[in-house]
Amino acid sequence: MSTNNKEDQTRSPIRKVLDVCGIIILISVLGYYGNRTIQSYLGQQAIDQTGLEIRSLVQALEVAKSSNKLVLVDMSAIWCPSCRKLDQQVFSDEQVKTQLDQEFVYARIEYESPEGKTFMQNYQVTGFPTLLILNASGEKLVQLPINYEPLAFLKTLEQVLETIHHFKAINP
């Protein structure tokens, strides 16, 4: 009986440490997934508030070919706070939406989708949000700087369009 008591006493501190570690790991995992769920929910709300039609890259390229427009690809992650900020401050702006509708076909690619992984490899995208302008054949023309000010974003779009139209004029 006395040897069992000694074993119980020596295992007890180790067992306590393991119990505490298990609780810390459990809280960490629950915190991570809880935060990610909340961030994803907020991200979906921001996407919905833009009012933009969400297309895959394949769909956007088809529309671009038939409408003679460029494709603006938004590589994002639904749980990404910076992506959400871009949706809320830029893509929800009426002037930005009007410009996108007139000159571009908008495609949103979700980072964690199979399309996202392929897109990242094909276009050497390393993070998000990433905004690319593609021609109707899917060739990358330019990567846009990330800007959270709608007027500055519009100015960048206008400069890109001027450059592309100028290039087309001298290289028909």
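Keep in mind that the model is predicted. A search of the whole structure turns up 5 salt bridges, and four residues, Asp74, Asp87, Arg108 and Glu110, are linked in a network of them. Away from the charges, there's a nonpolar surface patch of about 430 Å².

**The salt-bridge network**
- Arg108 pairs up with Asp74, with the closest N and O atoms 3.5 Å apart.
- Arg108 sits in strand E2 (residues 104-110) and Asp74 in strand E1 (residues 70-76), so this pair ties together parts that are 34 residues apart in sequence.
- Arg108 counts as buried because its relative accessibility is 8%, under the 20% cut-off.
- Asp74 goes down to 0% relative accessibility, so Asp74 counts as buried too.
- Asp87 and Glu110 are also part of the network that links Asp74 and Arg108.

**Other salt bridges**
- Glu94 and Lys97 form a salt bridge, their closest N and O atoms being 3.1 Å apart.
- Both of these residues belong to helix H4 (residues 94-103), and they're 3 residues apart, which is about one turn of the helix.
- Glu94 is exposed at 53% relative accessibility, whereas Lys97 is buried at 17%.
- Glu53 and Arg55 also bring their side chains together in a salt bridge, at 3.1 Å from N to O.
- Here Glu53 is exposed at 52% relative accessibility, while Arg55 is buried at 17%.

**The nonpolar patch**
- Ile25, Val29, Tyr32 and Tyr33 make up the patch of about 430 Å².
- Ile25 is part of helix H1, which runs over residues 2-50.
- With a relative accessible area of 55%, Ile25 counts as exposed because that value is over the 50% cut-off.

- Thr156 is buried, with a relative accessible area of 16%, but Thr163 is exposed, at 54%.
- Leaving aside residues up to four places away in sequence, Thr156 touches Leu144 and Pro145.
- A polar atom of the Thr163 side chain lies 2.9 Å from the backbone oxygen of Gln159.
- If you want a distance across the model, the C-alpha atoms of Thr163 and Leu42 are separated by 36 Å, and the two residues are 121 residues apart along the chain.

Key: Residues numbered from 1 in each chain as written. Predicted model: local features only at pLDDT ≥ 70, side-chain atom pairs only at ≥ 80, totals over all residues. Heavy atoms only, no water. Patch = residues over 30% accessible without salt bridge, like charges linked within 9 Å, V, L, I, M, F, W, Y side chains within 5 Å. Areas by Shrake-Rupley, 256 points an atom, 1.4 Å probe, with all protein chains shown as cover. Helix = DSSP H or I, 4+ residues; strand = E, 2+ residues; numbered from the N terminus. Buried < 20%, exposed > 50% of the residue type's maximum accessible area, 1.4 Å probe, protein only. Contact = heavy atoms within 4.5 Å. Polar contact = N/O pair within 3.5 Å; in protein donor to acceptor, adjacent residues only side chain to side chain.
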